[in-house]
Amino acid sequence: MTPFEERVERRWSDGKTTWRSVDLGTVDSVPLGEGRAYTVNNLGIAVFRQRDGQLFATESTCPHRNGPLADGLVGDGKVICPLHAQKFDLTTGHCAGEDMAIRTYPVREVHGHIVVEIGPQTLA
Ligand code: FES
């Protein structure tokens, strides 16, 4: 097993939750300035890659009326839902001026791959 494979399959615990790292493929599969949707064990995840290369990961469905967030406009650390233009912060998940939020996930690039960290409570 290579060091990269060890990282991707790593599981760890903070005492309350066991986290899991998942490799979603190469960063090039998400064009700069866009998002893409993935499914991990029935969990929908949207990955966004800003024009500056920064990665973000959130749940893939808008809590308002299930809009496909990966199809939204991305920039300045935010995504605008393509259905009704609600704006979500990609770090905190908060929605500007509304009482709703999206779940966000830690994500990073490892040897050119997108690695997202998922707690088991979110897996079906
Ligand atoms: S479905 Fe996203 S803002 Fe309405």
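**Exercises on a predicted model**

Asn66 lies in the loop between E5 and strand E6 (73–75); helices (H or I, at least four residues) and strands (E, at least two) are DSSP runs, numbered from the N terminus. This is a predicted model, where local features need pLDDT of at least 70, side-chain atom pairs count only at pLDDT 80 or more, and totals for chains, interfaces and linings use all residues. Residues are numbered from 1 along each chain as its sequence is written, and side-chain values use heavy atoms, with hydrogens and water left out.

**Exercise 1.** Find out whether Asn66 is buried or exposed.

*Solution.* 
- Start with the cut-offs: buried means under 20% relative accessible area, exposed over 50%, partly exposed in between (1.4 Å probe, protein chains only).
- Asn66 has a relative accessible area of 60%, so Asn66 is exposed.
- Now look at the backbone: Asn66 is not a glycine, yet its phi is positive, about 65 degrees.
- Most residues other than glycine have a negative phi.

**Exercise 2.** Work out in which sense E3 and E4 pair, and which residue of their hairpin takes a positive phi.

*Solution.* 
- Two strands pair if DSSP finds at least two bridges between them.
- E3 and E4 are joined by seven bridges, in the antiparallel sense.
- Across this pair, Glu34 stands opposite Arg49 in E4.
- The hairpin has two residues between the strands, and Asn41 takes a positive phi near 50 degrees.
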